[in-house]
Amino acid sequence: MTSSTLRTSSAPQSSSAPRTSPASTAAPLAVLRHAAGRGSLGGVGLMLAGVVSVQFGSAFAALLFPRAGALGAVALRVTFAALLLLVVARPRLRGHARADWAVAGGFGLALGGMNILFYQAIDRIPLGAAVSFEVLGPLLLSVAVSRSAAGLLWAGLALAGVCLLGRGGFGGLDLAGPAFALGAGAMWAAYIVLNARAGARFPRLDGLAIAMAVAALVSLPLGIGAAGRTLLEPQLLGLGLVIAVMSSGVPYTLELLALRRLPAATFAVLTSLSPALAALSGYLVLDQGMSLPQCAAIALVVTASAGAIRTGRR
């Protein structure tokens, strides 16, 4: 799953999290009206490295499925990510209103739901396809924010890409896979909105750390129920920690460094490469081959995502 946070032009800047989603996960789109400059080549490299780390983290997580199942894998990934964030952020728990906790709780439920549904998706369909379906959630949110005819055209292009995915060689496609991916996309859109609200209520990484702890409380019982004591095997624990670092720790660090060198608009456009990088990681790690129509479909989704971002920030 991808990792950056979508911003609307009217949303407050979030101080609770870097522009990353610990999911899968993967990187949401950013909708920003004002950004100047092109940024440095080093910043582009840092940003791309962060997106690559997220997608390869998801691919390696899929390797855990035969032993721990999708629910066990997401439980390990989210729990370790929560522990890492709690240690690093050390969030202040006192002095918050009930409304603040409601926002943090909703943020955590969206985060947990996004990860659970996405891992269910990649357990059934190729990683590149799952991210292409999932990215429709943030993309449609960006279209709704932009309220422009051009935005509708980009949405139509993305839907054309998704339709091509369905006809481009995913023969015998498990329909539950796209359904889970679309559900993850809806949770991703909710995550984006709630992340902005949490950023207005919590300092630094506090909101994200609390939300990730809530996500762990949601996913861990499901993982234990699905995998039982298997989750305590040293090898699985080690892999879970590596996946958490690849999907959260490394991307957060790299993207924070990238944001110091890149204008927000450039940062956002780079996140739209997530479906293509997911397809690449699926091919290299999971041996998920891609046909020419599938590659064309993913290219359409990537183009639509980048176009929606640029339209939304005008």
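Visitor: How many aromatic pairs does a search of the whole structure find?

Guide: Four aromatic pairs turn up. Rings of Phe, Tyr and Trp (its six-membered ring) pair if their centres lie within 6.5 Å; planes under 30 degrees apart count as stacked, over 60 as edge-to-face and the rest as tilted. Keep in mind that this is a predicted model, where local features need pLDDT of at least 70, side-chain atom pairs count only at pLDDT 80 or more, and totals for chains, interfaces and linings use all residues. Residues are numbered from 1 along each chain as its sequence is written, and side-chain values use heavy atoms, with hydrogens and water left out.

Visitor: Why is the pair of phenylalanine 107 and tyrosine 191 called tilted?

Guide: The ring centres of phenylalanine 107 and tyrosine 191 are 5.2 Å apart, and pairing asks for centres within 6.5 Å. Their planes sit at 40°, so the pair is tilted.

Visitor: Why does phenylalanine 107 count as buried?

Guide: Buried means under 20% relative accessible area, exposed over 50%, partly exposed in between (1.4 Å probe, protein chains only). Phenylalanine 107 has 0% relative accessibility, so it counts as buried. Tyrosine 191 is at 0% too, so it is buried as well.

Visitor: What makes phenylalanine 118 and tyrosine 119 an edge-to-face pair?

Guide: Their planes are 70° apart, with 6.3 Å centre to centre. Edge-to-face takes an angle over 60 degrees, so that pair qualifies. Both residues are buried, and together with Phe65 they form one aromatic cluster.

Visitor: Which residues touch the most other members in the largest nonpolar core?

Guide: Leu111, Phe118, Tyr119, Tyr191 and Met212 do, in a core of 65 residues. Helix H2 (residues 65-89) gives the largest share, 12 residues. A nonpolar core is a set of buried Ala, Val, Leu, Ile, Met, Phe, Trp, Tyr and Cys residues joined through side-chain atoms within 4.5 Å. Another core lies apart, with seven residues, including Val51 and Leu277.

Conventions: Helix = DSSP H or I, 4+ residues; strand = E, 2+ residues; numbered from the N terminus.
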